[in-house]
Amino acid sequence: MIELGLSRISRLLQHTLLSWKAIHIAGTNGKGSISAYLSHVLTSGGVRCGRFTSPHLIDRWDCITIDERVVQESLFRQVEAKVKLRDQTLGIGASEFELLTATAFEIFNHEQVEIGVVEVGMGGRLDATNILNNVLVSVIAKIGLDHQAFLGNTIGEIAREKAGILKPGVSCVVDGTNCPEAIEAIKDRIDELGLNAAIVRPDAPDNQLPSLANLFLHNDFQTHQRANMSCATAALKAVLPQIRPNPDVDALIPRLTSVQWPGRLQELVIKPLTTREEPVLLDGAHNAQSAEVLGEYIDRKLRPSQKNVTWVIAASHGKDIRPLFHSIIKPGDNVVTTSFGPVDGMPWVKAAGPEELSSCIQTIDDIGEVQSLGKDILGALEWACHLANGGPLVIAGSLYLVSDVLRLLRETNK
């Protein structure tokens, strides 16, 4: 169950003095990538860095990293047990995400990180991570319609909730590719607080950082990747002078190209789950905005070689699946629907029914073969690989589906 609010997390951490400084990142899409860019570059630059993102990918503790390495399971369970005991002793009744947030922050203390890169769970203003009082810079990534039941029904309302992470005296970075309604709502909050703000666009890299423009010139990045890199670079530029004398930010920018972010436009060979030799594309696109990004990538990279794509899809229950899939699945494509399993630590997350998904897909004009295989993810992969016959194959619609595929692959490779 999702319960927004800061009262429980405040009690949970009331006697915990955070010994590190934070970079706080909100947004609908891109905040995970920006977190990954910042964590990687800071670590490679010699800063001891923790990262907390959500949801986890394979194991509950892989959402917490120290210097780019997943925290040890033994340490995670030890700190989590201490946090849960505190919750029970004080009768707080904290949510799963609040317990996880407190665990991450305590682990950052234990590991003596210098910077904690913290991604908002949902929204911003009432998200558990907004308990942070040690923020060096706030970042607001791309904003879209998602979680309307909690955050509002318009982009402006959602943007105001995201802008709730902005704090007096703390500079901020905003993705300038946001729509005018979002930018206006965020600017209102910036003006209200009198903040120093950088609204960045990938088509106009900071002229004080020529290496970023050079990076864009010599690499074939997608628009959203450039936007996320621009946000990360601007945040880095704001943070480093606060923790290092005379930092050479420009020298760190080329390291952005070596960042790997699993489950986002990830090419992966799934053998021995199937006999397919060619890589497949895994992407956790789960809303219309992230689906648009995925669709652009597929149209540029996959469809030119073979017009039709074969899909393995799943989605979370309650998602508006028509705009999610109708924008990226084209006439002639083949589709198999399935569902992901229970999500550890997130019992409120349920999968949409595969039959419901297949009914939605079948309304696409001139669609190819459509099959529903229930909860049989392995069977869905085998069906898709057979039909694709070496051609483009994409697994998408939910990060939880991507997680299940990666988990199956890990278990098979043991």
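This is a predicted model: local features need pLDDT of at least 70, side-chain atom pairs count only at pLDDT 80 or more; totals for chains, interfaces and linings use all residues.

Q: How many salt bridges does the count come to?
A: The count comes to 22 salt bridges.

Q: Why do such pairs form at all?
A: Side chains of opposite charge can pair when their charged atoms come close.

Q: Take E119. Which side chain does it meet in a salt bridge?
A: The side chain of K31, at 3.8 Å from N to O. The pair links distant parts of the chain, since E119 is in strand β5 (residues 115-119) and K31 is in helix α2 (residues 31-44), 88 residues apart.

Q: Are E119 and K31 buried or exposed?
A: Both E119 and K31 are buried.

Q: What about R48, which side chain does it meet?
A: R48 and E111 meet in a salt bridge, with 3.1 Å from N to O. R48 sits in the loop between α2 and β2 (49-52) and E111 in the loop between α4 and β5, so this pair ties together parts that are 63 residues apart in sequence.

Q: Next, E277. Which residue does it form a salt bridge with?
A: E277 pairs with K271, and the closest N and O atoms are 2.7 Å apart. E277 counts as exposed because its relative accessibility is 52%. K271 is partly exposed, with a relative accessible area of 39%.

Q: Changing topic: which residues form the negative surface patch?
A: A negative surface patch is made by E157, E181, E184, D188 and D191.

Q: Which helix gives the most to the negative patch?
A: Helix α7 (residues 180-193), with four residues. D188 lies in that helix, α7. At 45% relative accessibility, D188 is counted as partly exposed.

Q: One more, E106. Where does it lie?
A: E106 lies in helix α4 (residues 96-110).

Q: Is E106 buried or exposed, and why?
A: E106 is buried, because its relative accessible area is 9%, and buried means under 20%.

Q: What does E106 touch?
A: Leaving out residues up to four places away in sequence, E106 touches L13, T16, V79, K82, V83 and R86.

Notes:
Residues are numbered from 1 along each chain as its sequence is written. Side-chain values use heavy atoms; hydrogens and water are left out. Patches are made of residues with over 30% relative accessible area and no salt bridge: like charges are joined within 9 Å, nonpolar side chains (Val, Leu, Ile, Met, Phe, Trp, Tyr) within 5 Å. Accessible areas come from the Shrake-Rupley method with a 1.4 Å probe; for residues, only the protein chains shown count as cover. A salt bridge is a side-chain nitrogen of Lys or Arg within 4 Å of a carboxyl oxygen of Asp or Glu. Lys and Arg count as positive and Asp and Glu as negative; His and the chain ends are not counted. The place of a charge is taken as NZ of Lys, CZ of Arg, CG of Asp or CD of Glu. Helices (H or I, at least four residues) and strands (E, at least two) are DSSP runs, numbered from the N terminus. Buried means under 20% relative accessible area, exposed over 50%, partly exposed in between (1.4 Å probe, protein chains only). Contact means heavy atoms within 4.5 Å.
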